[in-house]
Each structure stands twice: as C-alpha cells, then as structure tokens.
Amino acid sequence: MVAALLPASTGTVARAAAWVTGTGAVAAVATGLLAVLGERPPSGGLWAGDPVAVLMLMLVLWLSAVIQVFAVRYLRGDLRQRWFAVWANALTGSTVVMVCAGTVVTFTVGWIAAGLCLVFLLNTYRSLPQARQGVRRAGLSFLIADAPLVVAVLILTLAVGGDVRLAQVGSVAGILPEGMVVAVALLLVVAALGRSAQFPFHRWLPSTLAAPTPVSALLHAGVVNAGAILVIRFSPLIAPVAVAMLVIFAAGAATLVYAAAVRLVKPDVKGRLVFSTAGQMGFMMMAVGLGAFAAAVFHLLAHALYKSALFLSAGTGVARHAEQRTWPAPEPSSRSRTVAAALLATTLTVAVLVAAKVVLAPQATPASLALLGFVAFTAVVAIAAGLRRTMTTATLTAAGIGLTVLGFFYVAFLGLFDSLISPAASMQPASPWLLLIPAALLLGLQWLARSPRTAGGMHRVLYMWALAESTVSPPTRIEPVRARQKEVVA
C-alpha cells in the first residue's frame with residue numbers, strides 16, 4: 001500500500017519497499033533469537049508460533065528484502081518499477097500469512113493470495129507475448145490445482161462447523177469416513193504438486209522465463225517451495241494416508257528425472273536454472289513422501305538461499321559461459337581414469353558420510369538412511385565427474401576437504417532440524433527402497449550424457465526428446481503471422 005501511494009520517480013517506490021521489508025526481516029530475526037533463548041513466540045489464534053513458522057518467516061522476509069534491494073538497481077528508470085514493488089510486497093505479505101498461519105482458513109487465504117500476486121508479478125512486462133503466455137499457463141495451473149484445496153478446506157470446516165487449527169486436522173480426520181479422509185488428503189496433494197510445478201503441472205514453470213530477474217528470483221526461491229509447506233502443515237491428515245504419500249513420492253521422483261534430463265540440453269542460463277528448480281522440488285517432494293519432513297524443510301531453506309543467489313547472478317553466469325566457450329575442448333578421459341575416479345569418489349563419499357553419521361547423529365530411521373544414501377549417490381557422481389577430468393593431488397585434496405566440511409555440516413543440520421520439527425503421530429510413508437528407481441534412472445542419464453559414442457541411438461533419441469520437451473511452444477499462431485507478412489508485402 002505504501003509503494004502504491006509513493007511517487008514513482010527516482011526509484012522512491014523500490015527503496016521504500018525494500019526498507020519496509022528489511023525492517024520486517026530484522027524483526028523476524030529478533031523473534032528467532034528470542035526463540036533460541038527460550039522465549040518462544042505465543043501460539044494460538046491465527047498464528048502458528050512453531051519453529052517452522054519462525055524459520056519460514058525469517059527466510060521469506062530476508063529473501064524478499066535482498067531481492068528488492070537488487071531490484072532498485074535492476075529496474076532503475078523502468079516504467080514498471082512501481083508495479084514490481086507493489087506486487088512483490090503483496091506476494092511477500094501473502095506468503096508470510098501462509099507460512100505463519102495457525103488455522104486452515106488462514107492458510108488457504110494466504111495460499112490463494114500468494115498465487116494471485118505471483119500471476120500479477122509475472123505480468124510485469126505484459127507487452128511481451130512470452131510474458132502473457134506465462135501468465136496464462138501459470139494462472140490456469142493455479143486455478144486447476146487450487147480448486148481441490150478449496151474443496152478440501154470446505155469439507156474440513158463443514159465437518160466441525162467452523163475454522164480448524166492446523167495442529168488439529170488429524171483429530172478432525174478422525175470424525176470423517178475413511179474414504180473421505182483419503183479423498184481430502186489427495187485433494188491437498190494435488191494443490192501441493194501444482195504450486196511446486198510437479199507432474200502433471202510441470203509445464204507452467206518453464207513458460208515464465210520472460211519474467212524479469214527479480215521476479216524469477218522470488219518465484220524460484222520462494223513460491224515453488226509452498227508445496228512442501230502445505231504437505232507439512234497438513235501432515236497430521238496426509239501422512240497417515242499411504243496412497244497420498246506414495247503419490248507425492250512418485251510425482252517428485254518423476255519430476256526429478258524429467259528435469260534432470262531436460263536440463264542437460266538447455267543452452268541458456270535461466271532455462272537451466274528453471275529445470276534445476278523443478279528437479280530440486282522433485283527431490284524435496286520425495287523427502288516429504290518418505291516422511292522426512294525435517295529434511296524437506298532443511299532442503300527448502302538451502303534451495304531458496306542458493307537458487308536466489310544463482311538467479312540474481314545470472315548475468316555473471318552468461319558472461320562466464322561465453323568465456324568458457326572459447327576454451328579448447330577437453331581431451332577424452334581413458335577408461336582406466338574413469339574407473340579410478342568412480343572408485344575414489346565412492347570410497348571418499350561413503351567414508352565421510354558414515355563418519356559424520358556415527359559422530360553427530362547415530363540415531364537413524366529407514367527414511368533418513370535412504371535419503372543419506374541418495375545424497376551420497378549424487379555426491380559420488382559429481383566428484384567422479386570432476387576427478388575424471390582432472391585427477392591430481394591438489395584436486396583429490398580439495399575434494400576430500402570440501403566433502404568433509406559439507407558432509408559434516410549436512411548431517412549436523414539435519415539432526416538440528418529433526419529436533420525442531422516433530423513428525424506426524426502416525427505415518428504411512430513410501431518405502432525407502434523406491435529411491436533405487438530414480439537413482440538408477442539418474443545414473444542411466446549420466447551414462448548416456450557422458451558416453452554418446454557407446455550409447456549410440458539411445459543418446460540421440462533422448463537428446464531429441466529432451467530438446468523438444470524444453471522448447472516452450474510459441475505464444476502466437478502461424479496464421480496471424482502470415483497475415484501480417486502479407487500486409488507488409490502489400
């Protein structure tokens with residue numbers, strides 16, 4: 001409201017909006033520090049007051065403040081600066097309401113408002129056909145996916161005759177028929193998959209590339225994470241339903257493999273970041289489907305921080321990519337070096353993660369061990385790829401030190417989040433053994449990408465399929481273009 005009333009000249013709007021959001025971020029950090037010191041914020045009414053609410057409050061406000069400070073320079077002199085400032089803060093406020101909501105209706109209001117504000121933000125450069133197409137696709141996906149959430153909330157509120165606290169949705173489910181509980185859980189899952197761009201709602205996210213960089217940062221660092229927040233908030237109702245947890249895991253795994261394949265063929269920086277986001281959301285949904293809610297929240301925070309940094313530095317990435325294209329092509333690695341790199345990476349990764357688990361968090365669940373194994377698998381692939389290119393004493397030392405630091409911090413933070421976030425009382429998570437399926441598919445993708453000669457026809461088929469999937473259809477039809485060409489010729 002302040003941004004809408006201020007004069008739009010000389011960047012006043014953007015600076016004022018950034019200062020207001022920054023003030024809120026400082027207050028959120030103060031709330032977090034008081035919680036650490038034992039002064040827990042009060043809960044009740046519309047405010048959740050739990051660790052998840054405090055963590056999300058700090059994340060949302062700090063990210064929004066940093067992105068808006070960036071936008072002061074990025075949109076300097078832009079006629080749409082006021083539009084961005086107004087709707088960026090509206091999105092921030094709506095997201096704060098959603099992540100801090102203590103009741104079902106409050107959460108739904110914040111959820112729908114955040115979706116509407118994002119659609120308006122995507123419409124920042126509405127003169128561009130690509131931007132209008134992104135608005136249409138995102139708006140349609142949100143409309144289809146949010147309708148089940150509204151239906152589920154109506155069922156819950158009508159069952160008790162009023163609003164329901166999110167912490168008590170499990171008890172409300174106890175008074176509903178079993179079939180109705182399964183239906184409500186699946187309705188909530190559909191809404192979560194739609195907001196996080198998971199199968200079958202995966203096509204709206206790549207169509208938003210025409211949005212300015214600050215909008216992309218807000219979208220990929222914040223909005224797409226909302227799906228996991230919904231599942232975690234409604235976990236007392238969703239977690240006991242086995243089919244709902246299996247659907248979450250399956251959708252996340254399918255999106256992860258799909259996005260990993262498409263990302264390999266994207267030549268542009270923002271396009272690769274978009275499919276990287278989709279894949280990361282898939283991994284987060286897999287963690288949720290396994291019942292590892294603490295790991296999902298930790299992944300949400302980490303993804304938001306590093307993905308916002310990547311989008312805000314996309315221009316630097318373009319310059320770096322242009323420079324790397326002038327480098328000479330690397331010599332192909334021998335088979336003996338490839339085998340040695342894989343063995344060294346596997347030994348180093350397993351040793352570090354096992355040591356970290358034994359020292360820092362000896363207690364383990366099947367889900368936590370499975371996720372740790374999946375992380376180990378991805379780390380092995382990344383380290384082996386680096387050692388395959390350059391294997392020297394320096395690279396081995398750097399890999400060992402870096403992996404040790406990251407591995408111990410990862411296990412330590414997972415243990416911290418496990419102590420802060422209590423799981424649902426009863427859960428029916430997906431089997432951890434299902435992680436072997438996406439792991440095998442990702443390993444196959446890695447082999448096809450690294451060995452085009454030995455893969456032969458499969459490599460070409462996969463490449464063409466991924467290239468076609470990564471191409472967003474043009475927003476205009478052929479007929480109008482040809483008609484305009486005839487007018488110009490005439």
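1. Helices (H or I, at least four residues) and strands (E, at least two) are DSSP runs, numbered from the N terminus. By that rule the chain has 22 helices and 0 strands. This is a predicted model, in which local features need pLDDT of at least 70 and side-chain atom pairs count only at pLDDT 80 or more, while totals for chains, interfaces and linings use all residues. Residues are numbered from 1 along each chain as its sequence is written, and side-chain values use heavy atoms, with hydrogens and water left out.

2. Burial and contacts across the chain. Buried residues (under 20% relative accessible area; exposed is over 50%, partly exposed in between; 1.4 Å probe, protein chains only) make up 47% of the 490 residues. Contact means heavy atoms within 4.5 Å. Among contacts between residues at least 6 apart in sequence, 80% join residues at least 24 apart.

3. Helix H9. How many residues of H9 are buried? The count is 9 of the 9, so H9 is largely enclosed by the rest of the structure. Among them are Pro214, Leu218 and His220. The buried residues pack against H3, H4, helix H5 (104-122), H13 and H14.

4. Threonine 208. This residue sits in the loop between helix H8 (178-195) and H9. Threonine 208 is buried, with a relative accessible area of 3%. Leaving aside residues up to four places away in sequence, threonine 208 touches Leu122, Ser216 and Leu219. Ser216 and Leu219 are among the buried residues of H9. The C-alpha atoms of threonine 208 and glycine 134 are separated by 4.8 Å, although the two residues are 74 apart along the chain.

5. The cavity. On a 1 Å grid over the protein atoms alone, a cavity is a set of points where a 1.4 Å probe fits but cannot get out; a pocket is an open set with protein on both sides within 12 Å along at least five of seven lines; lining residues have an atom within 4 Å of a point. Grid points are joined across faces, edges and corners, and a volume is the space filled by probe spheres set on the points. The structure holds 1 cavity of 30 Å³ or more. The largest cavity has a volume of about 260 Å³. It is lined by 22 residues, with Val60, Thr95, Leu218, Gly222 and Val223 nearest its centre. Helices H3 (51-74), H4 (81-100), H9 (213-221) and H10 (226-233) are the elements that give two or more residues to this lining. H3 gives the most, with 6 residues.

6. Ala, Val, Leu, Ile, Met, Phe, Trp, Tyr, Cys and Pro count as nonpolar, Asp, Glu, Lys and Arg as charged, and the others, Gly among them, as polar. The lining of the largest cavity has 16 nonpolar, 5 polar and 1 charged residues.

7. The second largest pocket. Its volume is about 560 Å³. Of the 27 lining residues, Ala292, Ala294, Thr365, Ser368 and Asp418 are the closest to its centre. Helices H14 (293-312), H16 (335-360), H17 (366-389) and H18 (393-420) are the elements that give two or more residues to the lining. H18 gives the most, with 6 residues. By class, the lining has 19 nonpolar, 6 polar and 2 charged residues.
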